[in-house]
Amino acid sequence: MEAMQISATASSHFSATLGPFSTNRSPTKPTKLATSWASSASTNLASLSSRNLFTREIWGWVNSKTATSRREMRGVVRAEMFGQLTSGLEAAWTKLKGEEVLTKENIVEPMRDIRRALLEADVSLPVVRRFVQAVSDQAVGVGLIRGVKPDQQLVKIVNDELVKLMGGEVSELVFSKSGPTVILLAGLQGVGKTTVCAKLANYLKKQGKSSMLIAGDVYRPAAIDQLVILGEQVGVPVYTAGTEVKPSEIAKQGLEEAKKKKIDVVIMDTAGRLQIDKGMMDELKEVKKVLNPTEVLLVVDAMTGQEAAALVTTFNVEIGITGAILTKLDGDSRGGAALSVKEVSGKPIKLVGRGERMEDLEPFYPDRMAGRILGMGDVLSFVEKAQEVMRQEDAEELQKKIMSAKFDFNDFLKQTRAVARMGSMTRVIGMIPGMGKVTPAQVREAEKNLKLMEAMIEAMTPEEREKPELLAESPDRRRRIAKDSGKTEQQVSQLVAQLFQMRVRMKNLMGIMEGGSIPTLSNLENAMKAEQAAPPGTARRKRRSESRRQFADSASTRPSPRGFGAKN
Ligand SMILES: Nc1nc2c(ncn2[C@@H]2O[C@H](COP(=O)(O)OP(=O)(O)OP(=O)(O)O)[C@@H](O)[C@H]2O)c(=O)[nH]1
C-alpha cells in the first residue's frame, strides 16, 4: 500500500504545491506536474501487488532505471568494463521473473547463472564458491527486503556481496606523519608501473602534495628516460643515477634528496621482470629495507584476471605489500582481477588505472564498482534511503486512515517530510520515470510551497491537525492560523480544501488497488489519463463533488446550515 500512499500523497502534494498557491491556477485543475506524478504512479502500479507498495514503487523506479542501464549496456557500455559479467548476471534475474518469493528451489537456476558468470569473468573458483554460498544463504530466509520482488531482492543481495567481496570500504593511501611518505611500486614487466609513477604524482599534486619520482629500473635504460619525460609532463622532479648504480643505492640517494627538498611524497619505480624470479624479489627486499616505505603497492594488470590476484598474494608473502594498483581496467571486459584481489590476497586494491592519460588514475570504490557491474549505480542507495524513511508500520497505519478517509494534517506533514528526507525534491523527481521534463523553476516553486504549507500546519493545534473538519467549519480558526503562520486566510482555506480533495483522491486510488485485481499498466494509465482529461460532468467533476460532499458532511455537524467557510 505504501507506494500508493507515496504516489497519491506526492501527487496531491504537487497538485497542492503547484496548484492552489500558484498564480493563475485553479485549485481543482490538475497541474502538469501533478499529472506527471499521477502517470508515474500509474506506471509503477502496474508492477505492484497489494502489500508493501511503497517499496515496490521505489523498485518500479529501479526497474525502469535498470531497464535503461541494461539498454545502455547492450549498446554502448557492453564492450567496455565488465560488460560480459553484467550480461551474465542478467540471466539470473530473468529466471526469477513472475516468482512471488525466493525459495530454495527457485534460486537453483539463478545461482547457477551467477556461478557461471563469475567463472567466465575469471574469478577464481574458491572465491566463486564462497560468493555463491553467501548469496544463497541470504536469498532464502533471513535478510530479505520486505515487499520487494524476488529478482530485485537477489540483485540487492548480489550487490551487497560484491561490495563485500571487493573489500567493502574504499582503502585510502596512508601518509607518513613525519618526513616524506614513501611509496614503493613493484610489479611485472609491462603492467604500467612507470606510467603509474607519474599518474600517482599527478593525482597527489591535485591533493596539494609535492612528489618526487626515483628511477630505479636500471635494467631497461628506456624506462629511466620514460620516467623523466612523464615527470616533466606532470611537473614533478625525477631523481636518476643512471644504470650503473644498484637500485637500493639509488633509493637511498633519492630519499636523501627528497628530504633535503622537503618533498611530501617519494615514489620509487622499480624494475619489472617477465615473471617472478628470486633476483627481483631480493632486489625489492633490499630497496624496501633502505626506504622503509609507508606504502608498498603492487601494480597489476586487470586484464590478467585471477592471475593478478595470485600475484598480489605471492608478492605479499615474499616482500610484504600494503595494497595493489589495478591498471588497464578500461580494457577489461571480465572483471576477475577486481573481484578476486582482496578475497584471495587479503590486500586491498587502492587505486585503479583506467586509461593511458595522466589523469586516468582514481581510488577504487567497491560500491561504485558493484553498481557498475549490476548497472544500478545510485538507484540502490536510493532504495535503501527510501526504506529507511518509510517504516512499514507507519505505512500500514496510514493505509487504514486513507481507506477510512481519515488522512489528516499530521499524516500530510509526515509524508511531506518523508519525501523531503529522501533527498532534495529535484533528486527524488529525477529518479521517477517520465519526470524528466519538470523544470528546475517548477521544482523550486514546489519546494517553496511545501514550506509554506508546513508553516500553516505548524500553526495548527494538535486537535485541528487531527480533525481538519474543525478548520472547515471555523473561519475564526483559519484566521488564527493565517495570523500565526504569517499567511493569508485564503491560503489557509485553500490548504484545508486541498486536504479534503486529497482524501477523496487517495481513497479513490487506493480503492482501485484494494478492489480485486491489480490494474494493468495500460488500463490504469488510461483511467488516469481519462480522469485528468475528463470533460465537465465526468470523473473529475464526480471527484470534486465528492470532496465537496465531505465538506458538507463535516459542516452538517455544526449549527449553521451553510457550507465550508460559514461563520461559526
Ligand atoms: N589502456 C591503458 N593502458 C595503460 C594503463 N596503464 C598503463 N598503460 C599502458 O601500458 C603500457 C606499459 O606501461 P609502462 O608504464 O611502460 O609499463 P611498466 O610496468 O613500467 O613496464 P616495465 O618498465 O617494462 O616494467 C604503456 O603503453 C602504457 O601507456 C591503463 O590504465 N590503461
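Me: Which residue in β3 is the bridge partner of Leu213?
Reply: Val238 is the partner of Leu213 in β3. Keep in mind that this is a predicted model.

Me: In what sense do β2 and β3 pair, and over how many bridges?
Reply: β2, residues 211-216, pairs with β3 in the parallel sense, over 2 bridges.

Me: Which helix packs on the sheet and touches β3?
Reply: α10, residues 247-260, does. Besides β3, α10 touches β1, β2 and β4, and its direction makes about 165° with that of β2.

Me: And α11, which strands does that one touch?
Reply: α11 touches β1, β4 and β5. The direction of α11 makes about 175° with that of β1.

Me: Back to the sheet. What is the strand order?
Reply: The sheet is open, with 8 strands in the order β3-β2-β4-β1-β5-β6-β7-β8, and the pairing is mixed.

Me: Which strands stand at the edges?
Reply: β3 (238-239) and β8 (361-363). Each has a single partner strand, so one side of each has no neighbour in the sheet.

Me: Switching to helices. How do α11 and α12 pack?
Reply: At an angle of about 55°, with the axes 10 Å apart. The two helices are therefore oblique to each other, and their crossing is right-handed.

Me: Which residues make that contact?
Reply: From α11, Met280, Met281, Leu284, Lys285 and Lys288; from α12, Phe315, Glu318 and Ile319.

Me: How many of those are nonpolar, polar or charged?
Reply: The contact of α11 with α12 has 5 nonpolar and 3 charged residues, and no polar ones.

Terms used. Residues numbered from 1 in each chain as written. Predicted model: local features only at pLDDT ≥ 70, side-chain atom pairs only at ≥ 80, totals over all residues. Heavy atoms only, no water. Axes fitted to C-alpha atoms, helices over the stretch in contact; angles between N-to-C directions. Helix = DSSP H or I, 4+ residues; strand = E, 2+ residues; numbered from the N terminus. Parallel < 35°, antiparallel > 145°, perpendicular 65-115°, else oblique. Left-handed = near helix turned anticlockwise from the far one by under 90°. Contact = heavy atoms within 4.5 Å. Nonpolar A, V, L, I, M, F, W, Y, C, P; charged D, E, K, R; others polar. Pairing = 2+ DSSP bridges.
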